[in-house]
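Please read each point beside the displayed chains.

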Protein chains: 2
Amino acid sequence: MSTTGHILLAHGGGGQLMAELIHQVILPALGAEKSSGLYDAASIRAGRDRLLLTTDSYVVQPVEFPGGDIGKLSVCGTINDLAVCGGKPVALSLALVLEEGLEIELLRRVLVSAGRAAREAGVAIVTGDTKVVERRGQPGMIINTAGVGVPLPKARLAFERIGRGDAVALSGPLGQHGLAVMCARKGLSVAPALASDCAPLHRLAADLIAALGAKVKWMRDPTRGGLAATLAELSSATSRNVEIRQRDIPVDPTALAAAETLGLDLLSVANEGKLVAVVAADAAQKAVEILRRHAIASRSAVIGAIGEKADVPLVELLTRAGGRRVVQMPYGEDLPRIC
Amino acid sequence: MSTTGHILLAHGGGGQLMAELIHQVILPALGAEKSSGLYDAASIRAGRDRLLLTTDSYVVQPVEFPGGDIGKLSVCGTINDLAVCGGKPVALSLALVLEEGLEIELLRRVLVSAGRAAREAGVAIVTGDTKVVERRGQPGMIINTAGVGVPLPKARLAFERIGRGDAVALSGPLGQHGLAVMCARKGLSVAPALASDCAPLHRLAADLIAALGAKVKWMRDPTRGGLAATLAELSSATSRNVEIRQRDIPVDPTALAAAETLGLDLLSVANEGKLVAVVAADAAQKAVEILRRHAIASRSAVIGAIGEKADVPLVELLTRAGGRRVVQMPYGEDLPRIC
């Protein structure tokens, strides 16, 4: 269905439509090998060592929003893709596609923010590119950042290592990025205090791996499609049920109020500074302690566990009221251009 | 002048305006160190070895044109950026920004072409990203490819190694890519037989370096801004005059006729499969022999030489009639969205 005809905005939403486009059109056309689960970064051999390579284009609108901007986002996002694959980020490229009519002062602010984010993260932006395209409406920009990282020696992250009883940890409340961008775009005042959680996760990830080594089995940052998409992919790639407990998921009251006003489910709203980690059950409390030492992860919690193998594996939410509901892979998207 | 106000299409043209934007806005805002000459790829240390990292976004319109398409272009262009920096390309990332309404069949053709180009070049596309943005007019797409390469052991390429008397070699006639795209875009029938020269240059570059080692001093593929921009940058970065001889520059009669009809200078039209190399004078003939063994470089020639140091270094064209004219860095661009 979604693999003929024309591209829809919903193909970019991080949900089922996008997964179909990637697996049924993009990968076969490129001649890529079949892959049951895709990671955020690829492992390559270059020189004597294995490296990680990742890429992301950022199309967020507006380009500046409470808590961040497209420059900081593009640096943090690519650092995070390396981090959740067990990589120490080493270098970034940054490629600009500018729309005619863009204010040069705005470009400057965004790049100052990108440069600052990179320096604070200890990662160098080493190469770039600049293109200009015709304007459309309010002139904006697109930034692509690719990143190279070196694998942390103790990292042993793979879907295949995940087993029954492993714990699912989350580094804080959900939805702040997506809701902050949405409110900024639409000029909504539902949640003036809401700011994007946009932040680099490499220090959290490195600390987890340094302390727990192979007991950390998989990590991901729940961006487009939110925690729902991340857990759906985890469940699908491992063929295992996943259960999360509503009462253990940290909630930001401002984000929750904004989501309720807008009729959105916090589980499927994009984040940019949150970490999901699957760790061995006996390391779960230690993992949460380690994460909580970081200000951006002070509300970390174990929110669920990996279940049995299943032919049609499900992600289930144990509600506060004691009920159960299936957490589905979002179909399209709640909001385009969120990252 | 060009560093306040708003972005113009001409800022993307590869000329003086773009150089000002990069050096006066982009690099200072990012907090990058001053650089007298920028290379197409950056050298980074990752693991035990040095690597090359490069990035380019491709915004060409139309996305399919005689001789190529945005998929092949994005693979070849990034391979070439690594190749001219003395790198053996190892892996590419490929990030798509699709416009709503794009035909999925067109996307498929472009990706098949990208995959084929990568396989033919022996380089793997290892990771990717997909975003969708709102349509504007005829829906198109943007592709970013970043590339990782390993330095060829014998490569010693640096502006600083260039001296008086070094030869400038060119691997074939100019302007085919830019003119083919321009004619395709405007539906011009001035040159129906004209096809883009879009091709990977890594085998040419590797053969040159294998045979001539340190006698190869610098390489570049003359894309946006054409040979004029490439030589202007060479002259500026070395503070040396450069002289090229019109009678020695290989010419494609179809491209020449198209350029004359359109009022363009072949020297400043974009190419995508041509190599410019500066080599020691005593290696110049050998370099041309090596290049000519490749079908895409069968008309290679020595076209000029490096001159004296100068406070205001000039690139000069010795015309067929025996006159001299200064070859200037193009100011803006002849044509936006050419690569």
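Buried means under 20% relative accessible area, exposed over 50%, and partly exposed in between (1.4 Å probe, protein chains only). This is a predicted model in which local features need pLDDT of at least 70 and side-chain atom pairs count only at pLDDT 80 or more, while totals for chains, interfaces and linings use all residues. Residues are numbered from 1 along each chain as its sequence is written, chains are lettered from A and ligands numbered from 1 in the order in which they are written, and side-chain values use heavy atoms, with hydrogens and water left out.

1. A:Leu314 is partly exposed, because its relative accessibility is 34%. This residue sits in the loop between strand E12 (301-309) and strand E13 (315-318) of chain A; helices (H or I, at least four residues) and strands (E, at least two) are DSSP runs, numbered from the N terminus. Together with A:Val312 and A:Val326, A:Leu314 makes a nonpolar surface patch of about 250 Å². Patches consist of residues with over 30% relative accessible area and no salt bridge, with like charges joined within 9 Å and nonpolar side chains (Val, Leu, Ile, Met, Phe, Trp, Tyr) within 5 Å; accessible areas come from the Shrake-Rupley method with a 1.4 Å probe, and for residues only the protein chains shown count as cover.

2. Sheet of chain A. E13(A) and E14(A) are antiparallel and share three bridges, with A:Glu316 opposite A:Val326.

3. Strand E11 of chain A. Which residues cover the two faces of strand E11 (residues 276-279) of chain A? A:Val276 and A:Val278 lie on one side, A:Ala277 and A:Val279 on the other, and all are buried. Strand E8 (residues 167-170) runs antiparallel to E11(A) and is joined to it by four bridges; E9(A) also pairs with E11(A) in the antiparallel sense over four bridges. A:Val278 is the bridge partner of A:Val168 and of A:Trp218.

4. Contact between chains. The structure holds 36 salt bridges over all chains, a salt bridge being a side-chain nitrogen of Lys or Arg within 4 Å of a carboxyl oxygen of Asp or Glu. One of them brings B:Asp56 and A:Lys131 together at 3.2 Å, N to O. Because B:Asp56 belongs to strand E2 (residues 49-58) of chain B and A:Lys131 to strand E6 (residues 124-133) of chain A, the pair joins two chains. B:Asp56 is buried at 11% relative accessible area, and A:Lys131 is buried at 3%.

5. Contacts within chain B. B:Asp282 and B:Lys215 form a salt bridge of 2.8 Å, N to O. The former lies in the loop between strand E11 (276-279) and helix H8 (284-292), the latter in the loop between helix H5 (202-212) and E9, so the pair ties together parts that are 67 residues apart in sequence. B:Asp282 is exposed at 61%, whereas B:Lys215 is partly exposed at 35%. A further salt bridge links B:Asp265 with B:Arg325, with their closest N and O atoms 3.1 Å apart.

Key. Two strands pair if DSSP finds at least two bridges between them.
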